[in-house]
Amino acid sequence: MTQKTALIAGALGVVGRALVEHLESDPEWTVIGLSRRAPDFDTGATFVSLDLLDQAATASALGGMTGVTHVFFTPYAPRENFGAEVAPNLAMLVNLVDALEPVAPGLAHIQLMQGAKWYGVQFGKPYRTPAREDDRRHMPPNFYYDQQDWLVERQKGRDWTWSALRPHGVWGFSTGSAMNMMTSLAAYAAISRHLGMPLKWPGNPDLLDCVYQITDVALLARAMVWAATTPAAANEAFNITNGDFTRWSHLWPKLAAFFDMEVGAVGTTSTRDLMADKEPVWADIVEKHQLRKYALGDIVTWPFLDYAFANGFDQMSSLTKIRQAGWTEVLDTEDTITDQLARLRAQRIIP
Amino acid sequence: MNPKKALIAGALGVTGRALLEHLDGDPFWSVTALSRRAPDFVTGARFISVDLSDPADCQEKLSGQKDITHVFFTAYSPRPEVADEIAPNVAMVENLMDALEPAAKNLQHVQLMHGAKWYGTFLGEYRTPAREDNPRPPVTHFYHAQQDWLEERQAGKPWTWSAMRPHGVWGFSTGSAMNLLTGIACYAAIAKAEGRPLAWPGNAGFYDRLYQLIDADLLARAMAWVATTPGAANNAYNITNGDLFRWHHVWPRIAEFFEMEVAEPDPINISAVMGEKGPVWERMVAEHGLAPYRLDQVVNWAYLDMALGNDRDQVSSITKIVRTGWTELWDTETTITRQLHRLRERRIIPA
């Protein structure tokens, strides 16, 4: 096996962080993480603090990274609307590739991290499900389209290949990232319990009985490496999830049991509003349970939880394409939904 | 590999016949097939005409089958009421085992063919995705009684058991109680012959619900795999193509196959409307030189009414079999047209 060097952009987000953890223990891989922030955990990866929107800084920081073989591009620059997201998110990718490609002769692969927004899930209306990779695009804007179109064009005639992964319902730990469903949900549960409440369903009542899917972030990290290093997967986009389907009505009792709570009634709410004043409650919880001293604002993104729970329709990705390309791993979501939470508990991040 | 000898009970039904064809081409298997009818096709299998509901007939015909290693039990004795099906269907397994087990000293495995009715599909709503360990429905089906009987019989024996729970079996058979493929194919062919477009005849809401099929040839492969994989022994498994779909996505593919226009859904009492098409079919057989079957020999319209008549997602979790090591996944859209082409090749439907 040849030695590989991963450049993980967005290495402190939920996906990037899981990939760092997956690769840093693998002797075949050397890992470089890019993030604006510095890591607050021990890691064998080399971290470079960088704002990819800064073209000059990117050129300077990446100019010496001659050994990079695989790029995993996971950062996300959120903006006030979908149209405004296109320019900065495309610029980050262009800046990185412009800086790296001339200096990294061994570059083998560039992978984009996308998601079910490719299929229009963000518009709050049912989309064609199960979504297949070759479904018709929705009307732009969607920065995933711009990024992929740009990368496909850039790759033509090159020695490296590209891929894109489209997970949905990513389930894992991160701090300070724009999208984290699991930590937000865990904090919502812990606060409810601390206040003597049952675990009420805060989302759209219809979503409880709709079909949903989860992607365990550790599985996603393995799939990312698989797609980046499997010749049959080159120059393609793939949906990825745990590989099964479930409904929140099945998962909710499992989550309640994990937190040793009663399942509450449907209590549809804006968690952003409901949780706006809960920073002191969280501080009490941290104190009482001797947790690591994260502020609530460090680990939750209430608007993302509200967004993720707002849709009252089936959200389903077809995994036929990745399975037929050779991917075989399937997790049982109902059995594994609490595994990542148990890790958080062991790390004293949640009570 | 040791040579294996299969006994297929119900060998002219849709699953038995597909298994027969699968094993017939495998040099490690020889096949003895049981059916009340004689086969109307060429096969290398040895056919025994036996009435499984008659203990004496079973003793006479089966007590000499000393070298059977694997039993695949796919026979089904329908009754109008669910409760009335229990006694005759358990008796068939019991009669077979009473006759065979004392003689077949090398018996290794006995497999039952069940289906999603295990979960109570006949009652309307059931928990989906259905897992093998779902609580049993409030009404006992003969599947439960058969499995309970077989589990008890197997205790302490050197052989093992399994049960398959496919859904939406998609393959060819004649004269069987349940065949979705021939039902839909003949419905479409008759509509075309009558100059009508292809309208969905089932429940209007069901057109948009989740559904699943299994190609009978894939089911045959799964049956053999489960029966011979030690890790799969003494368990029941859901099995499907491995993907999910909605009929309204697939209906246009069926229309394309028949070169027809798609019309708006037109829910009908299928048995009432199509039950009168015998004379139309006779003319089609003559005009197109089809295999000389009567319409009621290739289709059971009542089954189509049942299969397409509800308004619920029909979803089985196949995570258990995949995590046991089963890796095949067939794309359902491909499966649908593949089996339609085979019907055409067999001259069951017009070219």
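**Sheets, helices and a contact**

Reply: In chain A, 7 strands make an open sheet with parallel pairing, in the order β3-β2-β1-β4-β5-β6-β11. Two strands pair if DSSP finds at least two bridges between them. Helices (H or I, at least four residues) and strands (E, at least two) are DSSP runs, numbered from the N terminus.

Me: Before we go on, what kind of model is this, and how is the numbering done?
Reply: This is a predicted model, where local features need pLDDT of at least 70 and side-chain atom pairs count only at pLDDT 80 or more, while totals for chains, interfaces and linings use all residues. Residues are numbered from 1 along each chain as its sequence is written, and chains are lettered from A and ligands numbered from 1 in the order in which they are written.

Me: How many bridges join β1 to β4 in chain A?
Reply: There are 4 bridges between strand β1 (residues 4–9) and strand β4 (residues 70–73) of chain A, and the two run parallel. One to look for is A6(A), whose bridge partner in β4(A) is H70(A).

Me: Which helix packs on that sheet?
Reply: Helix α3 (residues 82–100) of chain A does, touching β1, β4 and β5 (109–113) of chain A. Its direction makes about 165° with that of β4(A). Two residues are in contact if their C-beta atoms, placed from the backbone, lie within 7 Å.

Me: And what about β1 and β2 in chain A?
Reply: β1(A) and β2(A) run parallel and are joined by 6 bridges. A9(A) stands opposite L34(A) in β2(A). Strand β2 (residues 29–35) of chain A is mostly covered, with 5 of its 7 residues buried. A residue is buried if 20 or more other C-beta atoms lie within 10 Å of its own, exposed if 12 or fewer, and partly exposed in between, with C-beta atoms placed from the backbone.

Me: Is R158(A) buried or exposed?
Reply: R158(A) counts as exposed, because it has 11 C-beta neighbours inside 10 Å. You'll find R158(A) in the loop between α4 (143–155) and β6 (161–167) of chain A. The C-alpha atoms of R158(A) and L19(A) are separated by 25 Å, and these residues are 139 apart along the chain.

Me: Switching to chain B, what is the strand order in its sheet?
Reply: It goes β3-β2-β1-β4-β5-β6-β10 (chain B), an open sheet of 7 strands with parallel pairing. β3 (46–49) and β10 (235–239) of chain B are at the edges with a single partner strand each, so one side of each has no neighbour in the sheet.

Me: How much of helix α1 in chain B is buried?
Reply: 9 of the 11 residues of α1 (residues 14–24) of chain B are buried, so this helix is largely enclosed by the rest of the structure. Among the buried ones are G16(B), R17(B) and L20(B). The cover includes β1, β2 (29–35), β4, β5 (109–113), β7 (169–170) and α6 (216–228) of chain B.

Me: How do α1(B) and α6(B) pack?
Reply: They pack at an angle of about 70°, with their axes 8 Å apart. That makes α1(B) roughly perpendicular to α6(B). For such angles, under 35 degrees counts as roughly parallel, over 145 as roughly antiparallel, 65 to 115 as roughly perpendicular and the rest as oblique.

Me: What about α7 and α13 in chain B?
Reply: Helix α7 (residues 247–257) and helix α13 (residues 332–345) of chain B pack at about 25°, with their axes 10 Å apart. α7(B) and α13(B) are therefore roughly parallel to each other. In this contact, V250(B), R253(B), I254(B) and F257(B) of α7(B) meet E333(B), I336(B), T337(B) and L340(B) of α13(B).

Me: Last one: how many residues does each chain give to the contact of A with B?
Reply: Chain A gives 12 residues and chain B gives 13 residues. On the chain A side, helix α12 (residues 320–324) gives the most, with 3 residues.

Terms used: Axes are lines fitted to C-alpha atoms, for helices over the stretch in contact, and angles run from 0 to 180 degrees between N-to-C directions.
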